[in-house]
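The sequence and the structure are shown first, and the description follows.

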Amino acid sequence: MISVPDAGLVVPAGDFAGDLAWFRRELHGCLTRRADALFELADAVLCADGPVRSLPGLSLVAEHRRGHGALYDALAAGRVDIDRLRRVLAALPLPRAADSRIVLAVDVTCWLRPEAHTSPERILCHTSGRGNGEHVGVPGWPYSFVVALETGRTSWTAPLDAVRLTPGADLAAVTAGQVRDVVTRLIDAGHWRTGDADIWLVMDAGYDGARLAWLLADLPVRVLARLRSDRVLHRPTPPKLPGVLGRPRRHGGEFIFGDPASWDTPDVTTTTETRLYGTATARAWHRLHPRLTRRAAWTDCPDLPILHGTLIRLDVARLPSGATPKPVWLWWSTGIDDEPAPDTEPGPDTATVDLLWQAFLRRFDIEHTFRLFKQTLGWTVPKLRDPHAADRWTWLIIAAYTQLRLARPLARDLRRPWERPAPPERLTPARVRRGFRHLRTNSACPARAPKPTRPGPGRPPGQPNRQPTRRHDVHTATSSEAGNPKPRKKKSTNPRPRRTG
């Protein structure tokens, strides 16, 4: 076992049990302080009977040979070499799409901490489904995840990175830095080489796809982002007529999402019969770009770029939930051009358009991963005060999920009597977790046995705490608006389309 990070990580190939044992040894090497306690804590998460409901309850699991005091001490005073753990995750076998392409998805999920007044760096997180079903701001710690998606009828993903958003952080800048580091590590690990297909980055409507395409223009990454239904894009600039004076135009005619009269004939139209959504119709228009203005993220940009892309409208006949289906608008980045020409670059063909909207539907697998983290592995169960301890617990959960993914080919279907049998390739993470205790006995366990010890005396009885913990306020976007809130405007039933990027 080496004590320094090794940049040349090589995963043993061809042996699933060897991959799991290799990762467990590397995980123990990434734990630089309280390594044995943290390692057994991750094993307790994997071997517990049922969902994790209590953090001290994990000390009662047989695989955790230490007391609950050592458990809390490991989270409070332990250390995790996150950079080395990220390289280890990038060196593992990576899931790919049906065309052997790497597809990454990014999303933000929140660890809600509404009553943790002594916890610093909390941010007002927007959540839905609370109260009357409206979007409500709840204090918490938001985390940005980057995962790799796979094909097939499964909900498995491969988490590659997680970053906690600090107060005042720019989501686009943080996401761009995450994706850049992840892609660099994947290239160093040999997952992508020159000549391979570009990596696709899929995201929901909460991200600025044009901004991320601009920040990641020097990487082999194409951005596929969902757009709101009230957006407006622009066509390429028509050629300047002779004799017309004035500055050349930068933007062509408008493409208004809510006005079908401005759409014209689509460049590509596809129709696909699906099992869950019925007939899926996709229409694509090439070389559309948003009109950027010098505000928000583009304030310091001297020359606003022209970010070309293909706009895709997806219509389905039905939804599995029975709700009324609404159209989905997707924007796929194709290039950057300061002087656009109508015939600079052809857009995607019919097969590529189908792959694009299918790749966006695979993005919802990350929601299943978040639900497993929170409801089964107990990611948001601990009431931790220090955000750095929350980061250590987050990476332990990622390491535990990665072990489930590596043990997937080795697991047996330990189904309940009321559950249907599932083939090995269709096992869910929860079913693989049921049998992980049996797989653990045949895998590496580098954690050493605990030494006998006695608990400390603690605070003398009857003596009050004379050092109260500092209380922290929740970070908001602007402090002036928090002191003088503006009157809430009535939401219009027919909002105006957004004409800026």
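In this predicted model, Trp111, Trp141, Tyr143, Phe145, Trp156, Phe370, Phe373, Trp379 and Tyr401 together make up one aromatic cluster. Across the whole structure, a search for aromatic pairs returns 19 of them. One of these pairs joins Phe257 and Trp329, whose ring centres are 4.4 Å apart and whose planes meet at 15 degrees, so the pair counts as stacked, given that planes under 30 degrees apart are classed in that way. Phe257 belongs to the loop between β10 (254-256) and β11 (268-274), while Trp329 belongs to strand β14 (residues 328-336), and the pair therefore ties together parts that are 72 residues apart in sequence. Both partners are buried, Phe257 with a relative accessible area of 3% and Trp329 with a relative accessibility of 2%.

The charged end of Arg211 sits over the ring of Trp298, at 4.8 Å from the ring centre, and the charged end of Arg363 sits over the ring of Phe364, at 4.9 Å from the ring centre.

As for the overall make-up, the protein contains 12 helices and 14 strands, and 46% of its 501 residues count as buried. Among the contacts between residues at least 6 apart in sequence, 69% join residues that are at least 24 apart.

For helix α1 (residues 16-30) and helix α4 (residues 82-91), the angle is about 165 degrees and the axes are 9 Å apart. That angle makes α1 roughly antiparallel to α4, because angles over 145 degrees are classed as roughly antiparallel. The crossing of α1 and α4 is right-handed. On the α1 side, the residues that take part in the contact are Trp22, Phe23, Glu26, Leu27, Gly29 and Cys30, and in α4 they meet Arg84, Leu85, Val88, Leu89 and Ala91.

Arg34, in the loop between β1 (31-33) and α2 (35-47), has a phi of about 55 degrees, and Arg287, in strand β12 (residues 278-288), has a phi near 55 degrees. Arg34 is partly exposed, whereas Arg287 is buried.

Thr376 is found in the loop between α8 (365-375) and α9 (387-406), and at 16% relative accessibility this threonine counts as buried. Apart from its neighbours within four places in sequence, Thr376 is in contact with Pro51, Val52, Arg371 and Arg433.

The table gathers the accessibility values of the residues discussed above.

| Residue | Relative accessibility | Class |
|---|---|---|
| Phe257 | 3% | buried |
| Trp329 | 2% | buried |
| Arg34 | 37% | partly exposed |
| Arg287 | 7% | buried |
| Thr376 | 16% | buried |

Terms used:
Residues are numbered from 1 along each chain as its sequence is written. This is a predicted model: local features need pLDDT of at least 70, side-chain atom pairs count only at pLDDT 80 or more; totals for chains, interfaces and linings use all residues. Side-chain values use heavy atoms; hydrogens and water are left out. Rings of Phe, Tyr and Trp (its six-membered ring) pair if their centres lie within 6.5 Å; planes under 30 degrees apart count as stacked, over 60 as edge-to-face and the rest as tilted. Helices (H or I, at least four residues) and strands (E, at least two) are DSSP runs, numbered from the N terminus. Buried means under 20% relative accessible area, exposed over 50%, partly exposed in between (1.4 Å probe, protein chains only). A charge sits over a ring if NZ of Lys or CZ of Arg is within 6 Å of the ring centre and within 35 degrees of the ring normal. Axes are lines fitted to C-alpha atoms, for helices over the stretch in contact, and angles run from 0 to 180 degrees between N-to-C directions. Angles under 35 degrees count as roughly parallel, over 145 as roughly antiparallel, 65 to 115 as roughly perpendicular and the rest as oblique. A crossing is left-handed if the near helix is turned anticlockwise from the far one by less than a right angle, and right-handed if clockwise. Contact means heavy atoms within 4.5 Å.
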